[in-house]
Amino acid sequence: VAIDNSKNEELFRTDLVRIAMTTLSSKLLTHEKEKFANLAVDAVMRLKGSNNLEHIQILKKTGGQLRNSYLEEGFLLDKQIGVGQPKRVTNAKILIANTSMDTDKIKIYGSRVKVDSMNKVAEIEEAEKDKMRKKCEKIIAHGANVFINRQLIYNLPESIFAQAGIMAIEHADFDGVERLAAVLGGDVASTFDHPELVTLGECDVVEEVMIGEDKVIRLGGCKSGAACTIVLRGASSHLLDEAERSMHDALCVLQATVKEPRTICGGGCSETAMALAIDREVENTPGKRAIAMSAFARALTSMPATIADNGGFDSAELVTQLRAKHAAGGSTWGLDMENGKIADMAELGITESFKSKYSVLMSASEAAEMILRVDDIIKCAPRQRNEGY
């Protein structure tokens with residue numbers, strides 16, 4: 001039976017934590033599942049119903065242990081601030097750009113420039129620098145005190161920004177720039193001729209902080225208050241990659257649960273309840289349809305049987321006990337794989353998302369239906385071989 005506790009914030013959070021713990025139970029984070037379940041729930045609850053996972057960033061930093069992971073209420077950029085520029089800016093007005101800032105260098109692609117003196121070379125370099133200075137002046141005219149660019153920022157524009165007291169951050173990747181624009185409420189600009197058409201991003205503070213032995217840039221108090229970063233710590237990159245995948249799965253399940261807040265008991269409880277309901281209806285159904293319904297009920301009971309087999313227990317014994325318990329009215333009972341017996345899933349806190357279970361059931365049913373619709377399999381005739389080969 002599906003339960004909706006979305007009206008009660010405390011009970012709903014408990015449901016979300018239980019769902020996250022159930023999701024993480026079969027993954028690498030199972031030994032720290034309570035901590036990471038709370039991290040995931042805190043991050044999703046900050047979205048306040050927007051369900052935009054782009055506002056949740058996962059940052060991986062080697063070193064420390066998994067239990068040292070934490071939730072940062074802000075946005076972290078794994079980048080460096082330019083030389084000679086302020087390391088902390090409050091009430092930041094941020095210009096997010098995707099533009100080339102390296103034109104102070106002479107670029108020659110398969111061509112040659114002939115000059116009759118070194119003065120001419122200096123004139124060419126000076127012309128390139130003048131072009132870059134004008135571009136920097138246009139950027140400064142936007143009134144921003146932080147400039148974040150997707151591409152590199154070379155020495156000349158970096159020094160110009162330092163003289164103007166602007167913090168410049170280079171080489172933010174494309175996903176990072178798009179996410180920043182969404183989080184800070186700004187536009188990604190490529191040209192700078194019309195400052196009045198560009199919306200600047202806003203946040204309370206941009207500062208450099210330490211995580212372990214590395215420096216990162218923290219953007220706190222973003223215009224979108226839902227923005228946050230889950231910082232994962234671990235001994236190796238492989239461990240962190242697996243932890244990231246596990247956290248992403250948990251975040252996706254929680255996001256679906258916030259949209260559709262109904263929850264159900266896990267451990268094969270819902271499949272057993274559905275199978276018994278179908279079996280009761282079979283008794284009142286005449287014709288061949290009853291045979292198909294019985295087969296569907298058997299398919300549903302294969303789920304708790306598979307859970308028991310994967311745990312190394314006697315599936316036939318456990319499934320028959322579970323069916324008998326449900327027939328006696330134990331509608332919240334399922335399989336307890338910690339002890340190899342049946343137990344009350346509501347008491348153990350083994351909870352699943354109704355939306356997720358519904359999607360699994362419908363996908364499996366549609367796949368079986370598609371296979372049944374196949375009348376015949378056509379395959380190519382084998383290639384004729386010459387005699388003697």
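I take contact to mean heavy atoms within 4.5 Å. I work on a predicted model, in which local features need pLDDT of at least 70, side-chain atom pairs count only at pLDDT 80 or more, and totals for chains, interfaces and linings use all residues. Residues are numbered from 1 along each chain as its sequence is written, and side-chain values use heavy atoms, with hydrogens and water left out.

**Entry 1: the sheet.** I looked up an open sheet of three strands, ordered E2-E11-E3 with mixed pairing; strands are DSSP runs of E with at least two residues, helices runs of H or I with at least four, both numbered from the N terminus. Two strands pair if DSSP finds at least two bridges between them. Strands E2 (56-62) and E3 (70-72) are at the edges with a single partner strand each, so one side of each lacks a neighbour in the sheet. The twist averages 25 degrees from one strand to the next. E3 and E11 (residues 228-234) run antiparallel, joined by three bridges. I find Leu71 opposite Ile230 in E11.

**Entry 2: helices on the sheet.** Helix H2 (residues 33-46) packs on the sheet and touches E2, E3 and E11, its direction making about 20 degrees with that of E3. Helix H6 (residues 237-259) lies across E2 and E11 and runs at about 160 degrees to E2. Axes are lines fitted to C-alpha atoms, for helices over the stretch in contact, with angles from 0 to 180 degrees between N-to-C directions.

**Entry 3: H7 and H9.** The axes of H7 (residues 269-282) and H9 (residues 315-327) come within 10 Å and cross at roughly 65 degrees. The two helices are therefore roughly perpendicular (65 to 115 degrees). Among the contacting residues I note Leu276 and Asp279 of H7 and Arg323 and His326 of H9.

Notes. Angles under 35 degrees count as roughly parallel, over 145 as roughly antiparallel, 65 to 115 as roughly perpendicular and the rest as oblique.
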